[in-house]
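Have a look at the sequence and the structure, then read on.

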Amino acid sequence: MINKLSSLLAAVLLLLVFFVLVLLNNQLLSGLRADLTEDKVYSLSAGSKQILQELDEPVHLYFFYSDKASKGMTSLRNYANRVESLLEEYRSLADGKLILHKIDPEPFSEAEDQANQFGLTAASVGVGGDAVYLGLAARNAYDDEKIIPFFDPQKESTLEYELSKLLYQLSDPQPVKVTLVTDLSVQGGQNPMTGRFDPPWTSFTQLQQLYEVETLGSDAAGLPTDTNVLVLVHPQNLSESMLFSIDQYLIKGGKALIFLDPHHESDPMAAMGGANGSELTLMLDAWGVEFSTDQVVLDAAAGLEIRTQTGTTRHLGFLGLDKSLLDESDVITRDLDMINGASFGYFSRQGNTGPDWQPLLHSSESAAVTDSSAYAMVRDVSQLDGDFDQAARRTLAVRLSGSASSAFESVPEGVDNAGYQQQTQALNVILVGDTDLLTDRFWVSQSNFFGQTIYTPFANNGDFLTNAVENLSGSEALISIRSRGTFSRPFEVVNALTVKAEKSFREQEKRLQQQLDETESQLAQLQEQGGESGALVLSQQQQQMLEEFMQQKIDIRKALRDVRHQLDKDIEQLGTLLKFINIALAPIVLVLLLGGLFRLLRASKGRSL
């Protein structure tokens, strides 16, 4: 009886100790965290922490999540927990400058009206078509508002960037001024070859809808002092004062997106004058970068199919860069699927010194080069031929950052010496080796809809431009944030074995299907031996053969089903085994180890007594 009371008392005491420890943990150790995930998906990068430190005024975050309406939607709920955990991390590091409000906007509630007032998106994916909210609204002390209408699980890798960008926009609400320097007809104009008026380029029309854009020609003396982002397209014949102005703008912390090209073939006059390469060698040398103004990249794998008078053919100079040829670690290219362009040039480094080098676009391994002047004169694209014996991957766009020197050792004569600077530790430039990708024909199609011209994109060229400008218009801290790893971790071993098993199945299926086809062919030949009346008249031997073929056909079809069934069964068993090892085996081993340790301690205590 006494032993039973002692055991019961011990259990009660253990329960109390457990609750006390949980309470102490929540009250005293809530600020201590250890992120053991491979990609540190629960930790903020240095750039995000800097943005939080630079917050001057409190920011209210309204996190709308339909907890009740999303029951049964496991993947969405997991992602909502991931978003909430990251928001908590922001709040904990903001030193009281972030006030997080968690709201469940139930149907027909005031919270739902509030979500609608902020402009959040209600997805009709709940049970019975209920509206499900998973968005964020933020408001600063000046009542400026920014929202993320719906957290798309497909964009999980850029979640931190989106949240940090939202906070940065609220902390620095100044409008962005973009200075565009180019002599190309980006605003449209009369085509000298056809006499018709071409419309403005859609890529820059979109840019003007987002930012304040001022366009300058190459004859301008310098950049406006309020430039936030410089977009330099196909520079040629820039004056020395303009080159010096651009150089000093970048050395003093300015950001630039520069499009170069060994041959801008979208120029209506390009077909008559040969190659018309960009000119920026002075600055590229200062940054330790070489650009192939006399060579064009041809790619046997990424070349696009085009229509000709004789049909379709592959154009080795018109490249379609799919997702595999874009950098997944950079927020500019992370979510893009395709970028089309023509007559790309490529970049290479002069040694290992100079700014940091991060390629954004590159060719496939099947890329070669050809002379740009010869390329410009080619009329039959089937004759394009590069030195494919030396095929290699080429860098078609690159981000430069870090330390760099001025391209000018001193201030040029006649130029105002406005605080000349020789060195920088914060160069921020994106170089792109093509200008044709900005023109409409490589990424949008036009159609007429009741008198209105509709532009439908079939590639992400415009997104690439706006992503780059948006990224460069942020602070250094925001630009430094890269894509992060994903929270979900699929069973990669199972997936790999599934692919391998399915390949084996396909081989068996192909062999059995071939036998089935041969059997059916032989059956058809026998049936063609019918009499004039159409009735099948066969000898006893032929009848026996027919029955054997029919049985063989049944056996083969059964074998096919067995192979498929066995494949599914093997994959299911393998998945169950691996899930058991990953989920249950570790706790079991831990319990066994603790049990063994307890027995050892008990035995040791018994010997000491």
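## A crossing to start with

Let's begin where helix 3 and helix 5 meet: their crossing is right-handed. On the helix 3 side, the contact is made by Tyr79, Arg82, Val83, Leu86, Leu87 and Tyr90. Helix 5 answers with Leu159, Glu160, Leu163, Ser164 and Leu167. Sorted by class, the residues of this contact are eight nonpolar, one polar and two charged.

Two packed helices are described by the angle between their axes and the distance between the axes. Here helix 3, which covers residues 74-93, packs against helix 5 at an angle of about 45°, and the axes are 11 Å apart. That angle makes helix 3 oblique to helix 5.

## The whole protein

Time to step back for a moment. Keep in mind that this is a predicted model. The protein has 609 residues, and buried ones make up 41% of them. Its secondary structure comes to 14 helices and 23 strands.

How much of the contact in the protein, counting separations of 6 or more, comes from residues 24 or more positions apart? The share is 73%.

## Helix 5 has another partner

Back to helix 5, which spans residues 159-171 and also comes up against helix 2, residues 46-53. The axes of these two come within 10 Å and cross at roughly 20°. Is helix 2 roughly parallel or roughly antiparallel to helix 5? With that crossing angle, helix 2 counts as roughly parallel to helix 5. The crossing of this pair is left-handed, whereas the one between helix 3 and helix 5 is right-handed.

Who does the touching? Helix 2 brings Ser48, Ile51 and Leu52, and they meet Glu160, Ser164, Leu167 and Tyr168 in helix 5. By class, that contact has four nonpolar, two polar and one charged.

Ala46 is exposed, because its relative accessible area is 62%, over the 50% cut-off. Follow the chain for 434 residues from Ala46 and you get to Ser480, yet the C-alpha atoms of the two are separated by 8.2 Å.

You'll find Glu413 in the loop between strand 20 and strand 21, and its relative accessible area of 79% makes it exposed. Glu240 is 173 residues away from Glu413 along the chain, with 9.6 Å between their C-alpha atoms.

## A buried serine in that loop

Is Ser406 buried or exposed? Ser406 counts as buried, because its relative accessibility is 7%, under the 20% cut-off.

Which side chain does the Ser406 side chain make a polar contact with? That partner is the side chain of Asp247, at 2.7 Å. Leaving aside residues up to four places away in sequence, Ser406 touches Asp247, Gln248, Ile251, Ala286, Tyr420, Gln421 and Gln422.

## A buried threonine in a strand

Thr370 sits in strand 19, which runs over residues 367-371. Its relative accessibility is 16%, so Thr370 counts as buried. Again leaving out residues up to four places away in sequence, Thr370 touches Asp294, Gln295, Val296, Leu298, Tyr375 and Asp385.

## Two loop residues with positive phi

Finally, a look at backbone angles. Phe108 is not a glycine, but its phi is positive, at about 65°. This residue belongs to the loop between strand 2 (98-103) and helix 4 (110-118). At 82% relative accessibility, Phe108 is exposed.

Asp143 also has a positive phi of about 65° without being a glycine. Its loop connects strand 4 (131-139) and strand 5 (145-148). Is Asp143 buried or exposed? Asp143 is exposed, since its relative accessible area comes to 59%.

Definitions and conventions. Residues numbered from 1 in each chain as written. Predicted model: local features only at pLDDT ≥ 70, side-chain atom pairs only at ≥ 80, totals over all residues. Heavy atoms only, no water. Buried < 20%, exposed > 50% of the residue type's maximum accessible area, 1.4 Å probe, protein only. Polar contact = N/O pair within 3.5 Å; in protein donor to acceptor, adjacent residues only side chain to side chain. Contact = heavy atoms within 4.5 Å. Axes fitted to C-alpha atoms, helices over the stretch in contact; angles between N-to-C directions. Helix = DSSP H or I, 4+ residues; strand = E, 2+ residues; numbered from the N terminus. Parallel < 35°, antiparallel > 145°, perpendicular 65-115°, else oblique. Left-handed = near helix turned anticlockwise from the far one by under 90°. Nonpolar A, V, L, I, M, F, W, Y, C, P; charged D, E, K, R; others polar.
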